[in-house]
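Hi everyone, thanks for coming.

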Amino acid sequence: MSTEILNYIGGEWRRPLSGEGLEVINPATGDVLGHSPSGGQGDVEAAVQAAAAAYQDWRAVPPAERIQYLFRLKHLLEEHFEEIARIITTENGKTLAEARGELRRGVENVEVACGIPTLMQGYNLEDVARGIDELMFRQPLGVVAAITPFNFPAMIPLWFLPYAIACGNTFILKPSDRVPLSMARIVDLIGQTGLPAGVVNVVNGGKGAVDALLDNPAVQAVSFVGSTPVARYIYARASANGKRVQCQGGAKNHVVVLPDADPETTTQIIADSAYGCAGQRCLAVSVAVTVGDARQWFRDSITKTAASLRVGDGLADGVQMGPVISHASQRRIESLIKAGTEQGAMAAVDGRGIAPSGLTHGSFVGPTVLDGVPATSELAETEIFGPVLSLIHAADIDEAIAIISRNSYGNASSIFTSSGAAARKFRNQIPTGNVGVNIGVAAPMAYFPFSGWKGSFLGVLHAQGRDAVEFYTDKKVVIERWPKEWSRKF
Ligand code: NAD
């Protein structure tokens, strides 16, 4: 059934002024779920006006009152948890279990933002000079915007929205035009909390909507999550327009498998990381660097596990991996597998050309293992963003660290070992923002920053937790002198 995709502006659903853009497709079945608007200046202008009009009143609402809306949202999200998880699976393709995991992570950000009366506090010092006191307050910025990707339709918008509004800003979301439905349902629930009109707005669309946000002088700050080329573009354009910007980009994540790692759990955890969400997680492992004797046992066990995974519609019982987001993505991933084999790798498990029964219109790529990818090949550097695990061999941990350090991305890396000394060395030397020790998906909890270094992040302050509070507030320092001779005696 096709759904009309509307914008949420000033507390009401409005038909977009722009024409139809991208088709929203269930990637498991190929069914058309709706059409995102092509997005444009008029819709963004209306959203910015609504957000700007709501700002002065909203920033004056005491923080302890502002969070009451988030407590209500948390309860509504719990009440509608299964329904939202099903929408995520339907528009994104990930399995229902993965959709539930995503939504849980999103809800955790709502919970953490409920701590704003404590998190937003400033600090002060009496008598910085005789009779002079100094105080630091954190104040909201005004209208802020977030532009988010397809792979976590609900969680990533919730990395930003709860903190932004809890800090007293008003907020505009531009969700991915490939998956606008999950946030449409969540924003419906936000409306039910009684949140004042204009505090949260959604403009659907593509590049046109993004550019209008980046160029609008009333938008004070922009958060972005998506691919690195778009992150660079948004960072440059928004910064040139004087905005505060944080941009999380693409990734090429590695795990190092040392010979002393436990074979069974290591294989299971790495398989979950490489093939969970069909490899479309920014923290998914893309390359396993095996050291010494780990080469043989890991290749054998990961090959067996990858070949055994059940691929299909994420809504169906027992399915362990869903489709990739689109046919274009499927073609791109398949061509990268081909490139890998041309660059010297061997497809120990080849996921090209699979079609789970009854799903001939879906965009599926099966779990793939590319053995012996040369460490210096183009593929070793390229983000695949699909269920493809490359195997590279290193003589020792130093060589493994050197291979990872050469990569232009720096989102995440992990080591699998039973040696504390090796783990500590890795943790200390590896140039990625998120690090796992015997962890496959090193995803920071909501009360830690979602880090990311090098080509995976542009900016200073990350999403989530205290960084989010810093990003969404400015510091005002007040220096006060009240000489007693100026005061009447009471
Ligand atoms: P994308 O860059 O194509 O799109 C992200 C957002 O930008 C969408 O809202 C899209 O409409 C908009 N957009 C796309 N092209 C644009 C353009 N030319 N100008 C202006 N706006 C544009 O990313 P995607 O395919 O939706 O998501 C996958 C990417 O996101 C992967 O590279 C993945 O690694 C990355 N990602 C990173 C993180 C992280 O935390 N670092 C998290 C999730 C996803």
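**Where the ligand sits**

So, the ligand lies between domain 1 (3-249 + 456-478) and domain 2 (253-437), because both give residues to the shell around it; those bounds come from an automatic or database domain assignment. Keep in mind that this is a predicted model, where local features need pLDDT of at least 70, side-chain atom pairs count only at pLDDT 80 or more, and totals for chains, interfaces and linings use all residues. Residues are numbered from 1 along each chain as its sequence is written, and side-chain values use heavy atoms, with hydrogens and water left out.

Who's in the shell? There are 29 residues around the ligand, with T148, K174, S227, Q248 and E383 coming nearest; being near takes a heavy atom within 4 Å. At least two shell residues come from each of α6 (155-166), α8 (207-215), β11 (219-225) and α9 (228-240). Those are DSSP runs numbered from the N terminus: helices are H or I, at least four residues, and strands are E, at least two.

Now the polar contacts, meaning N or O pairs within 3.5 Å. K174 has a polar side-chain atom 2.8 Å from a ligand oxygen, and for S227 that distance to a ligand oxygen is 2.6 Å. On the backbone side, a polar atom of G249 is 2.8 Å from a ligand nitrogen.

Note on methods
A polar contact is a pair of N or O atoms within 3.5 Å; within protein, one must be able to donate a hydrogen and the other to accept it, and residues adjacent in sequence count only if both atoms are side-chain atoms.
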